[in-house]
Amino acid sequence: MAQRVLVVDDDRTVSDVVCRYLEHAGYQVDHVGDGAAALAAVARHPPHLVVLDLMLPVLDGLEVCRRLRERPDGVPIVMLTARGDEADRILGLQLGADDYLSKPFSPRELVLRVRSVLRRAGGEPVAPPEVLADDGLEVQTGPRVARLHGRELTLTLREFDLLAHLMRHPARAFRRAELLDRVWGWSFGDQSTVTVHVRRLREKIEADPANPRRIVTVWGVGYRYEPADA
């Protein structure tokens, strides 16, 4: 059965192009034009992914993103933002969006981003299942479950993949550009995306996010995962 994508955009020209490209790529596509209708559509028939514009009538995209992240199913979200709206883009990532594209964008690139996010959500395995453990933190890549001292963590797709990648390579420093390539699959892009996701991860796995012990900053380079026995 084809995976379902909900496109939320009030610009009919943009949404028609997006829907056509996604349908051509084999997805079943639904479209709504405002934030309230988006929440109702997700509640009625949860999609596999939401393509969400930030500038929406009734409820804006940031509020829709926040409410979707309150759902237990963790539906993946790809945001569409106007070029230059960096503050809104970063806030969207902080609220839990899995990816973003700035307008104007290539519809072909959007399809690739959607495919990548869905693959990481479980449509296609990206690596053999494994269990990564360190000092009470356990990541199971098969069922995509992360626990801290036995308590299951609520992580977005990208947060999970970023944590698994860093734990898979303990004590190794990665540049932000490397993490964009290896976790997001981007050969270029806004490196603040990595910074935002690291900040969110620290809030969920560190005893003191302001003084992180697990995911540490390597000044002038990027980040590394510091195992407890280092």
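**View 1. Right-handed crossing of helices H2 and H3.** In this predicted model, helix H2 passes helix H3 in a right-handed crossing. The residues that make the contact are Gly 35, Ala 38, Leu 39 and Val 42 on the H2 side, and Val 64, Arg 67 and Leu 68 on the H3 side. Sorted by class, the contact of H2 with H3 comprises five nonpolar residues, one polar residue and one charged residue.

**View 2. Axis geometry of the H2 and H3 pair.** The axes of H2, which spans residues 35–44, and H3, which spans residues 61–68, come within 9 Å and cross at roughly 20°. Because angles under 35 degrees count as roughly parallel, H2 is roughly parallel to H3.

**View 3. The largest nonpolar core.** The largest nonpolar core has 25 residues, and those with the most contacts inside it are Leu 137, Val 139, Leu 162, Leu 163, Leu 179 and Ile 215. Two or more residues are given to this core by each of strand S7 (137–140), strand S8 (145–148), helix H6 (157–168), helix H7 (176–184), helix H8 (192–205) and strand S12 (222–225). Helix H6 provides the largest share of this core, namely six residues.

View 4. When neighbours within four places in sequence are left aside, Ile 215 is in contact with Leu 166, Val 198, Leu 201, Arg 202, Ile 205, Glu 206, Tyr 223, Arg 224 and Tyr 225.

Methods
Residues numbered from 1 in each chain as written. Predicted model: local features only at pLDDT ≥ 70, side-chain atom pairs only at ≥ 80, totals over all residues. Heavy atoms only, no water. Axes fitted to C-alpha atoms, helices over the stretch in contact; angles between N-to-C directions. Helix = DSSP H or I, 4+ residues; strand = E, 2+ residues; numbered from the N terminus. Parallel < 35°, antiparallel > 145°, perpendicular 65-115°, else oblique. Left-handed = near helix turned anticlockwise from the far one by under 90°. Contact = heavy atoms within 4.5 Å. Nonpolar A, V, L, I, M, F, W, Y, C, P; charged D, E, K, R; others polar. Core = buried A, V, L, I, M, F, W, Y, C linked by side-chain atoms within 4.5 Å. Buried < 20%, exposed > 50% of the residue type's maximum accessible area, 1.4 Å probe, protein only.
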